[in-house]
Every structure is written in structure tokens, then in C-alpha cells.
Amino acid sequence: LIPGVDMIRIILLRVRLKQNISKSDKNHLHHLLLKKYSPKEILLIIFMLIVPFNFIGIYIDQYIYLIILFNLLSYLILIKYTNKK
């Protein structure tokens, strides 16, 4: 979910800024995190976002929409936090 939402966010951002949507840039989640954290710390952060929700989803599949919502919210909070200068 996180890479997909990140891709959608980047596409919408590029459309809003009237940029080519296939042009590479440094606005992806991992690039934003690299400004504050090491690659190993980034891997840990992303795992901490993904793994717990995936385990919950495996065992409690009736809550899949809630799990997707929590994943999305954690991603949005992380993006908001990393964009602060």
C-alpha cells in the first residue's frame, strides 16, 4: 500500500505543478526520509509501518479496510513529518 500511495501522491503533485509525471525527482518517501535518517533507519521505519498491519490482516481479515486506513494514515503522517524543514 505504501509504495502505491506514494506513487499516486507523486503523480498528483507533478500534475499540480504541471511537471512531466514520468520525470524522476527526489520527492518519493525514501528520498524525503534520507534527509533525516540513514538507509537502515528508513528500512526499519517502513517495516514498522507495514509489518504489524500485515500480520493483523492475515489473522483478522474482516478488518482489512481498517488496516488499509491505518496504513494510509501512517503514511500521510510520515510524509507530513518529513516535509517539515
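**View 1. R14 in its helix.** R14 sits in helix α1, which runs over residues 2–16. Keep in mind that this is a predicted model. With a relative accessibility of 5%, R14 counts as buried, because the cut-off for that label is under 20%.

**View 2. What R14 touches.** Here we look at the surroundings of R14. Skipping neighbours within four places in sequence, R14 is in contact with Q19, N20, I21, S22, K23, S24, D25 and H28.

**View 3. The D25–R14 salt bridge.** The structure has two salt bridges, and this view takes the one between D25 and R14, whose closest N and O atoms are 2.8 Å apart. D25 belongs to the loop between α1 and α2 (29–34) while R14 is in helix α1, so this pair ties together parts that are eleven residues apart in sequence. How exposed is D25? At 21% relative accessibility, D25 counts as partly exposed, whereas R14 is buried at 5%.

**View 4. The R9–D6 salt bridge.** R9 pairs up with D6 in a salt bridge, and their closest N and O atoms are 3.1 Å apart. Why are R9 and D6 separated by about one helical turn? Because they are three residues apart in helix α1. As for accessibility, R9 is buried with a relative accessible area of 18%, and D6 is buried too, with 7%.

Note on methods
Residues are numbered from 1 along each chain as its sequence is written. This is a predicted model: local features need pLDDT of at least 70, side-chain atom pairs count only at pLDDT 80 or more; totals for chains, interfaces and linings use all residues. Side-chain values use heavy atoms; hydrogens and water are left out. Helices (H or I, at least four residues) and strands (E, at least two) are DSSP runs, numbered from the N terminus. Buried means under 20% relative accessible area, exposed over 50%, partly exposed in between (1.4 Å probe, protein chains only). Contact means heavy atoms within 4.5 Å. A salt bridge is a side-chain nitrogen of Lys or Arg within 4 Å of a carboxyl oxygen of Asp or Glu.
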